[in-house]
Amino acid sequence: MKKIILDCDPGHDDALAMMLAVTSSEIELAAVTTSAGNQTPDKTLNNAMRMLTLMKRQDIPVAGGNKTPLVKPLETAGNVHGKSGLDGAELPDPDFEPQNMTAIELIAKTLKESNEKVTLVVTGPMTNAALFLRVYPELSEKIERIVYMGGAMGLGNWTPSVEFNIFVDPDAAKIVMNSGIPLTMAPLNVTHKAQILKEEIKNIDDIKNPVAHAFYGLLNFFELYHEDPKWEFKGAPLHDPCTIAWLINPEMFESKLMNVDVENKGGITMGETVCDYYELTGKSKNTDVLLDIDRDKFIKLIMDALRTFN
Ligand code: BDR
Ligand code: CA
């Protein structure tokens, strides 16, 4: 059983990552923290709490994170995730309170109270993770690994060469990537293969429970954005759940260890992840980069997880 903290910006695919984490017997979700990204920080915090209320996991402590990226102004993705950040389904209002502390305080508390090392999973911009490492450097040894969705090798989904999470806060990504903590990266190269097809989304509503019904609506909404032929998708890419799926079953993926750093100064490349696939720099192989996924197993994992609710 792996103990994790999920730092997320829900976000449709973040919500699905959270669902996988709460249902897996391999994972203990010790805390949820939220970042500003897909929507404003108040909305992503509210969305995380709405999802935990829906899944009846109000016992999991939640705290909201930094209001803005470290240096850049916040840019959100309402065009992808809607006005609320989780458009497409009727979700309950949260029926519990967030912790009376910030995200980095909750991460620190969780690590201090844990007898074992904890994995930090980041499915939004890395602002909270970076701030945490700056404010509590003495606790970094309690982090087993940081598993994140972000970046790409030679692709972009926000600018031609930059993925959204890294685009929002490249300065935070720089701190995390150079922290010395073991890293696993789920870049667009693998998440674009982690697609759910339209007919598979339809099957979700046959599961007949309130959580599956909500995800049916959410995924229909999320899929619409990805229907534009320019993306060349057959469905919708489920970026963020790749992180949790890797923790549950790493054998579902192919990966390669390499050095990954980020351009946080450049002009048109600001936020581009630089992945040293051919070991040209001789720098430490700080990141296990996920490159391929067994899509059928991944979709089955999601469907089976949705069936566990009643
Ligand atoms: C990432 O950006 C967000 O819109 C998604 O939630 C995911 O974390 C994909 O680029
Ligand atoms: Ca996200």
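The end C-alpha atoms of residues 4-299 lie 22 Å apart, and this span is 35% helix and 19% strand. Here helices (H or I, at least four residues) and strands (E, at least two) are DSSP runs, numbered from the N terminus. The model is predicted: local features need pLDDT of at least 70 and side-chain atom pairs count only at pLDDT 80 or more, while totals for chains, interfaces and linings use all residues. Residues are numbered from 1 along each chain as its sequence is written, and chains are lettered from A and ligands numbered from 1 in the order in which they are written.

**Exercise 1.** State how many helices and strands the protein has, and determine whether it is as compact as a globular protein of its length.

*Solution.*
1. The protein has 12 helices and 12 strands.
2. Its radius of gyration is 18 Å, close to the 19 Å that the globule rule gives for 310 residues, so the protein is as compact as a globular protein of that length. The radius is taken over C-alpha atoms, and the rule is 2.2 Å times the number of residues to the power 0.38.
3. Along its principal axes, the C-alpha trace spans about 50 × 45 × 35 Å.

**Exercise 2.** Identify the buried residues of helix H4 and describe how they are arranged about its axis.

*Solution.*
1. A residue is buried if 20 or more other C-beta atoms lie within 10 Å of its own, exposed if 12 or fewer, and partly exposed in between, with C-beta atoms placed from the backbone.
2. In helix H4 (residues 103-113), Ala103, Ile104, Leu106, Ile107, Thr110 and Leu111 are buried.
3. Seen down the axis of H4, these residues fall within an arc of 160°, so they line one face of the helix. The arc is that of the directions from the helix axis to the C-beta atoms.
4. Lys112 and Glu113 are exposed, on the face of H4 turned away from its buried side.

**Exercise 3.** Describe the surroundings of Leu70.

*Solution.*
1. Leu70 lies in the loop between S3 and helix H3 (78-81).
2. Leu70 is partly exposed, with 19 other C-beta atoms within 10 Å.
3. Not counting residues up to four places away in sequence, Leu70 touches Thr127, Ala130, Asp169, Asp171 and Ala172. Contact requires C-beta atoms, placed from the backbone, within 7 Å.
4. The C-alpha atoms of Leu70 and Leu257, 187 residues apart along the chain, are separated by 28 Å.

Definitions and conventions:
Contact = placed C-beta atoms within 7 Å.
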